Amino acid sequence: MSSWSTVFVTGGAGYIGSHCIVELLDAGYSVIAVDNFANSVNGERGEAPSLKRVERITGKTVTFYQCDLLDKPRLEKIFSEHKIDCVIHFAAMKAVGESMQVPLLYYKNNIVGTINLLEVMKTHGCYQLVFSSSCTVYGNPDVLPITEEHHTGNVTNVYGRTKYFIEEMLKDISAAEKNWNIICLRYFNPVGAHPSGLIGEDPTKAFTNLMPYMAQVAIGNRPNLTIFGGDYNTVDGTGVRDYIHVMDLASGHVAALNKLKKEHLRLKTYNLGTGQGVSVLQLLRTFEAVTKTMVPFEIQDRRTGDIVSMYANTSLAERELGWKAKYTLEQMCEDFWRWQTMNPNGYRGNSNNSASSENGRTSVIINGSELMDTDWAQLWEPFVQGGL
């Protein structure tokens, strides 16, 4: 480890943030996380349930503050109390459908919040940043798979436009001020969960991503899955996306930090995906096969702002970051199903499942029985066969 030791993570209690923090702690970093709980579950006394579980998984502590990036004085206070070496900026409103209905909320939260963060970073001499961007900045792609050189800006929804505007802002400040060292990571479609089943995606809004919705139908909490658009020019008429395991995405952030430590880049952008296009129906059939469930669905009209197909060319990240996605589509489905069945009500339900870490080994308590192993797949096998 170089002199860098402390990473400040915005949106740290959220789906991607919490999984990334597991990887950061395992890589030896200290983590200070903030979240306003707009997209994540708020526990008692302002604690983050997801991060409490992260601490159990890793056996390490996370310093957490409930903080909205629109609250600049509080952000200033946190930076004043810690020596922060690098920032990973996840915090954002993120639902495409919702963004089209309440655009001002998205522009204020995502863009003004980022400006506040950048100003506070600059005040405290912290210029190292990994920004959570999105493949939505590409709009409808001209060619597939899509490379980082593809033009951006012809964005089809407000959420994507906030990411695009922030990327443009980062281009401008890194050109004007040579101290900045920034990597933008353009995510494709994160799915799955930590292999322990202890953390995962727990949507707090009706505008949810595909796999949580699918899993809720599979366990009987919802009657059917709604698929928007069945007449696209794709293999089966449904939209095609590049689904990436959230733990692959998390490891990509550690790889980005390693790159920033080695080089002063000013600004660099990388795609994080698998490079494989998968249709909604292909994902659904894989999910059914892996989980041995049935997911009833209905096809409705296309949504405003959705695109037909999007999948990544990831050769730049492979070459320059030494990073490559390793999880299969089946593993994405299996890991998310483990999370869903162990936590049918997400972080808000009472669960008999817990974990702690001691001397490098992880103890997992599932339905009252303690198991000691570091191979999560072996731990899970009896429950795949017999059900929880």
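Reader: Which residues are linked with Glu334 in a network of salt bridges?

Author: First, a heads-up: this is a predicted model, in which local features need pLDDT of at least 70, side-chain atom pairs count only at pLDDT 80 or more, and totals for chains, interfaces and linings use all residues. Residues are numbered from 1 along each chain as its sequence is written, and side-chain values use heavy atoms, leaving out hydrogens and water. A salt bridge means a side-chain nitrogen of Lys or Arg within 4 Å of a carboxyl oxygen of Asp or Glu. On that basis, the partners of Glu334 in the network are Asp335 and Arg338.

Reader: Lys259 forms a salt bridge with Glu263, so is Lys259 buried or exposed?

Author: The closest N and O atoms of Lys259 and Glu263 are 2.6 Å apart. Buried means under 20% relative accessible area, exposed over 50%, and partly exposed in between (1.4 Å probe, protein chains only). Glu263, at 35%, is partly exposed. Lys259 has a relative accessibility of 9%, so it counts as buried.

Reader: Which helix holds both Glu288 and Arg285?

Author: They form a salt bridge, with the closest N and O atoms 3.0 Å apart. Glu288 counts as buried at 9% relative accessibility, while Arg285 is partly exposed at 44%. They are three residues apart, about one turn, and both lie in helix H9.

Reader: What kind of ring pair do Phe287 and Trp337 make?

Author: Rings of Phe, Tyr and Trp (its six-membered ring) pair if their centres lie within 6.5 Å; planes under 30 degrees apart count as stacked, over 60 as edge-to-face and the rest as tilted. The structure holds seven aromatic pairs. In this one the centres are 5.7 Å apart and the planes at 85°, so the pair is edge-to-face.

Reader: Which helices do Phe287 and Trp337 lie in?

Author: Both residues are buried, Phe287 at 0% relative accessibility and Trp337 at 13%. They are 50 residues apart in sequence, so the pair ties together separate parts: helix H9 (residues 280-291) and helix H11 (residues 329-342).

Reader: And what about the rings of Trp339 and Tyr347, what is the angle of their planes?

Author: Trp339 is buried at 1% relative accessibility, and Tyr347 is buried at 11%. Their ring centres are 4.9 Å apart, and the pair is tilted because the planes are at 55°.

Reader: Why is helix H2 largely enclosed by the rest of the structure, and how many of its ten residues are buried?

Author: Helix H2 covers residues 49-58. Its buried residues include Pro49, Leu51, Val54 and Ile57. Lys52, also in H2, is partly exposed at 34% relative accessibility. H2 counts as largely enclosed because the number of buried residues is eight.

Reader: Which residue follows H2?

Author: Its phi is positive, near 70°. The residue is Gly59.

Notes. Helices (H or I, at least four residues) and strands (E, at least two) are DSSP runs, numbered from the N terminus.
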